[in-house]
Amino acid sequence: MTFDTPAGRVFVDADATVLALGGASWPRLGSDGGWVAAVTQAGIKVAPLQPANCGFTAGWSEIFRSRFAGQPLKRIELSFAGQRVRGEALITQGGLEGGGVYALSGPLREAIAASGEAVLGLDLRPDIAVDELVRRLGVPRGKQSLATFLRKTVALAPAAIGLLHEAAIASGERIAAMDPPALATLIKAVPVRLTGVAPIARAISTAGGLAFAEIDAQFMLQRRPGVFAAGEMLDWDAPTGGYLLQAAFATGAAAGRGALQWLGR
Ligand SMILES: Cc1cc2nc3c(=O)[nH]c(=O)nc-3n(C[C@H](O)[C@H](O)[C@H](O)COP(=O)(O)OP(=O)(O)OC[C@H]3O[C@@H](n4cnc5c(N)ncnc54)[C@H](O)[C@@H]3O)c2cc1C
């Protein structure tokens, strides 16, 4: 094993080595996936590193981007391919990120890879049934602007109202011209067309990595006896919120035990 240190190169002849070199997200923190080339050259299979728990790009209009980038959509429900999650999303310059989006990032990434886009559904008021929304939207608006009316009757934040405008315009409509049932239906399922995955450098974690077929039950590389691997460099994926750290610790403990067993053989 060779280490580059401030004092120069250090060579260590170890009887057992545990590699825990991470994935490739937030590379400026040190985990840059640089190990992939060396491992692949040694004939060890590595599934391509991809962003996970990541943001996505959406083709926002200039007006929506300039007014709402950086604002959250709070207490919403996000749905895609039969999965629904409660959480929040952050509107970015290029699209969406945030906890709710990360939770669906696996299937969204796969869909975009397969067909170039994925339509994410956002329920902006998940706690209010559509009938109740229709009733509230049916109350005469009087002299209030549409934005004030929506804020007062259904408690929508300016960013959520902006998103309704954005979605309506994308399908050639105007929310001001929608009747209460149509507007209620839109509030319950705003379609957001996602067309790309945000760069891995901004992702919370990494999918892909060292193939499980390459390690044995003790997390030892079959082609390199005495070398073990753990953590995000292995080919698994998990939601954020503690599960990634838990899996990194658990595989680290298993690889450490494997190394001890190897040394005591
Ligand atoms: C912004 C952010 C927020 C996160 N929030 C959460 C959260 O809330 N909950 C959760 O469960 N997980 C979260 N995670 C994910 C979690 O931090 C990782 O899954 C976990 O740290 C992976 O542990 P690891 O030991 O496998 O890799 P890492 O923690 O990435 O450690 C790998 C280490 O190896 C070093 N290294 C890499 N290559 C070399 C090399 N060639 N030579 C020497 N050293 C090298 C790196 O510098 C690094 O120190 C978050 C991640 C990010 C980036």
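Author: Helices are DSSP runs of H or I with at least four residues, strands are runs of E with at least two, and both are numbered from the N terminus. By that count, the protein chain has nine helices and twelve strands. This is a predicted model: local features need pLDDT of at least 70, side-chain atom pairs count only at pLDDT 80 or more, and totals for chains, interfaces and linings use all residues. Residues are numbered from 1 along each chain as its sequence is written, and side-chain values use heavy atoms, with hydrogens and water left out.

Reader: What makes the protein chain more spread out than a compact globule?

Author: Its radius of gyration is 24 Å, while the globule rule gives 18 Å for 265 residues. The radius is taken over C-alpha atoms, and the rule is 2.2 Å times the number of residues to the power 0.38. The value is well over the rule, so the chain is more spread out than a compact globule. Along the principal axes, the C-alpha atoms fill a box of roughly 80 × 35 × 30 Å.

Reader: Why is Thr251 called buried?

Author: Buried means under 20% relative accessible area, exposed means over 50%, and partly exposed lies in between (1.4 Å probe, protein chains only). Thr251 has 10%, so it is buried. Thr251 sits in helix α9, residues 243-263. Across the 265 residues of the protein chain, 43% count as buried.

Reader: What does Thr251 contact, leaving aside its neighbours within four places in sequence?

Author: Contact means heavy atoms within 4.5 Å. Thr251 is in contact with Phe219, Ala230, Gly231 and Leu234, leaving aside neighbours within four places.

Reader: Is Phe219 buried or exposed?

Author: Its relative accessible area is 14%, so Phe219 is buried. Phe219 lies in the loop between β11 (205-210) and β12 (227-229).

Reader: Why is Arg75 called exposed?

Author: Its relative accessible area is 66%. That is over the exposed cut-off, so Arg75 is exposed.

Reader: And Val197, what makes it partly exposed?

Author: Val197 has a relative accessible area of 30%, so it falls in the middle class. Val197 is in strand β10. Not counting residues up to four places away in sequence, Val197 touches Pro51, Cys54, Gly55, Phe56, Thr57, Arg109 and Ile112.

Reader: What makes a set of residues a nonpolar core?

Author: The members are buried Ala, Val, Leu, Ile, Met, Phe, Trp, Tyr and Cys residues, joined through side-chain atoms within 4.5 Å. The largest nonpolar core here has 48 residues, and Leu96, Leu122 and Leu124 have the most contacts inside it. Helix α7 (residues 158-170) gives the largest share of this core, seven residues. A second, separate core has 22 residues, including Leu19, Ile44, Phe219 and Leu234. In soluble globular proteins, nonpolar side chains tend to be buried together.

Reader: What does Leu96 touch, not counting residues up to four places away in sequence?

Author: Its partners include Trp60, Leu73, Ile91, Leu120, Leu122 and Val192.

Reader: How many cavities of 30 Å³ or more does a search of the whole structure find?

Author: The search finds one. The largest cavity has a volume of about 30 Å³. Its lining includes Cys54, Glu97, Tyr102 and Arg202.

Reader: Which element gives the most to the lining of the largest pocket?

Author: Helix α7 does, with six residues. The largest pocket holds about 340 Å³ of space. It has 18 lining residues, and the closest to its centre are Glu166, Ala167, Ala170, Pro191 and Arg193.

Technical notes
On a 1 Å grid over the protein atoms alone, a cavity is a set of points where a 1.4 Å probe fits but cannot get out, and a pocket is an open set with protein on both sides within 12 Å along at least five of seven lines; lining residues have an atom within 4 Å of a point. Grid points are joined across faces, edges and corners, and a volume is the space filled by probe spheres set on the points.
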